[in-house]
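This report describes a predicted model. It takes up a helix pair, the nonpolar core, and then selected charged residues.

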Amino acid sequence: LEIVCKYLKEELDFGYSKIASMLNRDDRTIWTTYQNSVSKRKERLPVKDSKFHIPISILANRKLSVLEAIVSYLKDSFNLRYSEISALLNRDERNIWAIYNRFRKKK
């Protein structure tokens, strides 16, 4: 969520209320999350072109965590393997498997 907020605020120049409405979150949550991301990384994010684009609308589902939503979208929409998703998200393959299985149980 921190990376998403930082990207939307710095790269797309969205306000806190717009980000909050897009992500179905409270303005104060977005402000706090953005401040946390800035304290961890003051410089701007390196933005690269990618063949994978994740719609912001999938992150608005509050029944899923942000990571569950992203992993399930990549797995179901692009039919990626766990190892490919783990490389994209810089997470361990076993964590990606666990996150996707948690998503399937919620579904």
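## Helix 4 against helix 6

Helix 4, which spans residues 66–78, and helix 6, which spans residues 93–106, have axes that come within 9 Å of each other and cross at roughly 90°. Because crossing angles of 65 to 115 degrees count as roughly perpendicular, helix 4 is described as roughly perpendicular to helix 6. On the side of helix 4 the contact is made by L67, E68, V71, S72, K75 and D76, and on the side of helix 6 by I96, I99, Y100, R102, F103 and K106. By residue class, the contact between helix 4 and helix 6 divides into six nonpolar, one polar and five charged residues.

V71, which lies in helix 4, is buried, with a relative accessible area of 0%. Leaving aside neighbours within four places in sequence, V71 is in contact with I85, L89, I96, I99 and Y100.

## The largest nonpolar core

The largest nonpolar core has 22 residues, and the members that touch the most other members are I19, L23, I30, L59, V71, L74 and I85. At least two residues of this core are supplied by each of helix 1 (2–11), helix 2 (16–23), helix 4, helix 5 (82–89) and helix 6. Helix 4 gives the most to this core, with five residues. As a general background, nonpolar side chains in soluble globular proteins tend to be buried together.

Which residues does L59 contact, leaving aside its neighbours within four places in sequence? The partners of L59 are V4, L23, R25, V66, A69 and I70, and L23 is listed, like L59, among the core members that touch the most others.

## Salt bridges

The count of salt bridges in the model comes to nine. One of them joins E11 and R44, whose closest N and O atoms are 3.3 Å apart. This pair links distant parts of the chain, with E11 in helix 1 and R44 in the loop between helix 3 (27–40) and helix 4, 33 residues apart. E11 counts as partly exposed, at 28% relative accessibility.

K106 forms a salt bridge with E68, the closest N and O atoms being 2.8 Å apart. K106 is partly exposed, with a relative accessible area of 45%, whereas E68 counts as buried, at 1% relative accessibility.

A further salt bridge pairs D92 with R94, with the closest N and O atoms 2.9 Å apart. D92 counts as partly exposed, at 33% relative accessibility, while R94 is exposed, with a relative accessible area of 64%. Elsewhere, salt bridges that share partners join E68, R102 and K106 into one network.

Not counting residues up to four places away in sequence, K6 touches E11, Y34, S37, V38, R41, K42, E43 and L45. Among these partners of K6 is E11, the residue that forms the salt bridge with R44.

Key: Residues are numbered from 1 along each chain as its sequence is written. This is a predicted model: local features need pLDDT of at least 70, side-chain atom pairs count only at pLDDT 80 or more; totals for chains, interfaces and linings use all residues. Side-chain values use heavy atoms; hydrogens and water are left out. Axes are lines fitted to C-alpha atoms, for helices over the stretch in contact, and angles run from 0 to 180 degrees between N-to-C directions. Helices (H or I, at least four residues) and strands (E, at least two) are DSSP runs, numbered from the N terminus. Angles under 35 degrees count as roughly parallel, over 145 as roughly antiparallel, 65 to 115 as roughly perpendicular and the rest as oblique. Contact means heavy atoms within 4.5 Å. Ala, Val, Leu, Ile, Met, Phe, Trp, Tyr, Cys and Pro count as nonpolar, Asp, Glu, Lys and Arg as charged, and the others, Gly among them, as polar. A nonpolar core is a set of buried Ala, Val, Leu, Ile, Met, Phe, Trp, Tyr and Cys residues joined through side-chain atoms within 4.5 Å. Buried means under 20% relative accessible area, exposed over 50%, partly exposed in between (1.4 Å probe, protein chains only). A salt bridge is a side-chain nitrogen of Lys or Arg within 4 Å of a carboxyl oxygen of Asp or Glu.
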